[in-house]
Amino acid sequence: MSGYKVIHAVDETLRHLLWSAMKIDPTISDSNILGSSDDKRISFEPPFRLIQDTEPDNNYLSLFLYRIVENPDMKNRSLEQKNGNLLQYPPLSLNLFYLVTPLIKGQSSSENAHKLLSKAMQIFYDNAIVTGAAIQGSPPDKPEELRIIFNPISLEDITKLWSSSMRPYHLSVSYEVKVIYIDSERETEAEQVRRKHIEFKQVTKT
């Protein structure tokens, strides 16, 4: 899961996690909220692109990746020995930030949007640590772990996100997903330590 396609793999992991629980919930799978046909109503598009004028063109749950930062705890790690004198640079370690927005058209839109959002938050809360086969694209011989963390942002910051799109604000929450690794393709050679010389010397006081 640590190739350059890892961000897309995280997208699909979150969508699979949400859809697996939502499609069997009779309230959420009702046609007035998400429906039960497929998982494409959980969209990676920015919520602003799913809205025509003031209303969404259909019912969606938007998982918009709006920010990526380098994980500060994983910086400055040592190079890893690959084989012989060959050393590989450590992977790039990232934290991803998603804006989660329910978009419901028609009557009772606010009521149904609140149901959809609270269901999504329940699923993320119950699956705060994702491991093993639940991570899409993760090789079985390389176990990894994702942590899903509720990440409140200020009303001012979230309003800036919406105002930049020239669309009316819709209730949204933010989640942080970490740690995501992208393997480096940089390698370097280094001489191995062939012999150590340790010398002891007695010092006498005068």
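**Exercise 1. Count the helices and strands of the protein chain and give their pattern along the sequence.**

Step 1. The protein chain has 3 helices and 11 strands. Helices (H or I, at least four residues) and strands (E, at least two) are DSSP runs, numbered from the N terminus.

Step 2. Along the sequence, these elements follow the pattern α-β-β-β-β-β-β-β-α-β-β-α-β-β.

Step 3. The model is predicted: local features need pLDDT of at least 70, side-chain atom pairs count only at pLDDT 80 or more, and totals for chains, interfaces and linings use all residues. Residues are numbered from 1 along each chain as its sequence is written, and side-chain values use heavy atoms, with hydrogens and water left out.

**Exercise 2. Describe the burial, surface and contacts of the protein chain as a whole.**

Step 1. Of the 206 residues, 38% count as buried. Buried means under 20% relative accessible area, exposed over 50%, and partly exposed in between (1.4 Å probe, protein chains only).

Step 2. The chain exposes about 13000 Å², and carbon and sulfur atoms supply 49% of this area. Accessible areas come from the Shrake-Rupley method with a 1.4 Å probe; for residues, only the protein chains shown count as cover.

Step 3. Among contacts (heavy atoms within 4.5 Å) with a separation of 6 or more, 71% join residues 24 or more positions apart.

**Exercise 3. Work out the strand order of the open sheet and the sense in which its strands pair.**

Step 1. The open sheet has 6 strands in the order 1-4-7-10-9-8, with mixed pairing. Two strands pair if DSSP finds at least two bridges between them.

Step 2. Strand 1 (residues 42–43) and strand 4 are parallel, over 2 bridges. Ile 42 has Leu 61 of strand 4 as its bridge partner, and Ser 43 has Ser 62.

Step 3. Strand 4 and strand 7 are antiparallel, over 10 bridges. Here Glu 70 has Leu 94 of strand 7 as its bridge partner.

Step 4. Strand 7 and strand 10 run antiparallel and are joined by 8 bridges; Val 100 stands opposite Val 173 in strand 10. Strand 9 also runs antiparallel to strand 10, with 4 bridges, and Phe 150 stands opposite Tyr 175.

Step 5. Strand 10 is mostly covered, with 8 of its 10 residues buried.

Step 6. Strand 1 and strand 8 (129–131) are at the edges, each with a single partner strand, so one side of each has no neighbour in the sheet.

**Exercise 4. Identify the elements that build the largest nonpolar core, and the residues with the most contacts inside it.**

Step 1. A nonpolar core is a set of buried Ala, Val, Leu, Ile, Met, Phe, Trp, Tyr and Cys residues joined through side-chain atoms within 4.5 Å. The largest has 33 residues, and those with the most contacts inside it are Leu 18 and Met 22.

Step 2. At least two residues each come from helix 1 (6–22), strand 4 (60–70), strand 7 (92–103), helix 2 (109–126), strand 9 (145–150) and strand 10 (173–182). Helix 1 gives the most, with 7 residues.

Step 3. Beyond residues up to four places away in sequence, Leu 18 touches Ile 42, Leu 61, Leu 63, Ala 120, Ile 123 and Phe 124.

Step 4. A second, separate core of 9 residues includes Leu 50, Tyr 60, Phe 64 and Leu 99.

**Exercise 5. Find how the buried residues of helix 2 are arranged and what they pack against.**

Step 1. Helix 2 has 18 residues and reaches 26 Å from its first C-alpha to its last, close to the 26 Å expected at 1.5 Å a residue. The expected span is 1.5 Å times one less than the number of residues.

Step 2. Its buried residues are Ser 109, Asn 112, Ala 113, Leu 116, Leu 117, Lys 119, Ala 120, Ile 123 and Phe 124. Seen down the axis of helix 2, they fall within an arc of 155° (taken from the directions from the helix axis to the C-beta atoms), so they line one face of the helix.

Step 3. This buried set packs against helix 1, strand 4, strand 7, strand 9 and strand 10. On the other side of helix 2, Tyr 125 and Asp 126 are exposed.

**Exercise 6. Is Arg 15 buried or exposed, and which residues does Arg 15 touch?**

Step 1. Arg 15 is in helix 1.

Step 2. With a relative accessible area of 7%, Arg 15 is buried.

Step 3. Leaving out residues up to four places away in sequence, Arg 15 touches Asp 39, Lys 40, Ile 42, Phe 44 and Leu 63.
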